[in-house]
Amino acid sequence: MAQRVTLRKRTPYNTTSNRRRVVKTPGGKLVYHHLKKLATAPKCGDCGIALPGVPALRPRQYATISKTKKTVRRAYGGSRCGDCTKSRILRAFLVEEAKIVKKVIKSQEKAGRK
């Protein structure tokens, strides 16, 4: 017959915060090991993919690690992926170019009327 395993925490319910695994000790006893919740990686705010270069940790653990491990050395480092950053910079550049072209056309029309 299988050996009985007793809970080590007071919560008897099968919830995400009460996950456990049966482990055999060196003495041959079976005990429960309570597992921590799985960490999810931070996601890109635009496309939603996991950010490369930033570790997947539980929220409180980000307070204990250094800033260099939480970000990437780039504009929008810890919040946007490289492709989205590239497209944002390109879009901003094109918007500025369009403003300049508009200004030039307006000045040429003004010069043409005189």
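**Note on side-chain contacts in a predicted model**

1. Arginine 20 lies over the face of tyrosine 32, at 5.3 Å from the ring centre. The structure is a predicted model, and the contacts discussed below should be read with that in mind.

2. A second contact of this kind involves tyrosine 76, whose ring has the charged end of arginine 88 sitting over it, 4.9 Å from the ring's centre.

3. Because arginine 80 lies in the loop between α1 (67–70) and α2 (82–113), while aspartate 46 belongs to the loop between β2 (30–34) and α1, the pair ties together parts that are 34 residues apart in sequence. Arginine 80 is buried, its relative accessible area being 18%.

4. How many salt bridges does a search of the whole structure find? The search returns three, and one of them joins glutamate 96 to lysine 99, with the closest N and O atoms 3.6 Å apart. Both of these residues lie in helix α2, three residues apart, which is about one turn of the helix. Glutamate 96 is partly exposed, with a relative accessible area of 43%. Through shared partners, salt bridges join Asp46, Arg80 and Arg88 into one network.

5. The count of disulfides comes to zero. Cysteine 81 is in no disulfide, and the nearest cysteine sulfur, that of cysteine 84, is 3.5 Å away; cysteine 84, for its part, is in no disulfide either, with the sulfur of cysteine 81 as its nearest at 3.5 Å. The cut-off for a disulfide is 2.5 Å between the sulfur atoms. Cysteine 81 counts as buried at 4% relative accessibility, and cysteine 84 is buried with a relative accessible area of 11%.

6. On the overall layout, the domain assignment of the protein chain gives domain 1 (1–37) and domain 2 (40–112), and the C-alpha centres of domain 1 and domain 2 lie 45 Å apart.

Terms used. Residues numbered from 1 in each chain as written. Predicted model: local features only at pLDDT ≥ 70, side-chain atom pairs only at ≥ 80, totals over all residues. Heavy atoms only, no water. Domains from an automatic or database assignment. Lys NZ or Arg CZ within 6 Å of the ring centre and 35° of its normal. Buried < 20%, exposed > 50% of the residue type's maximum accessible area, 1.4 Å probe, protein only. Salt bridge = Lys/Arg side-chain N within 4 Å of Asp/Glu carboxyl O. Helix = DSSP H or I, 4+ residues; strand = E, 2+ residues; numbered from the N terminus.
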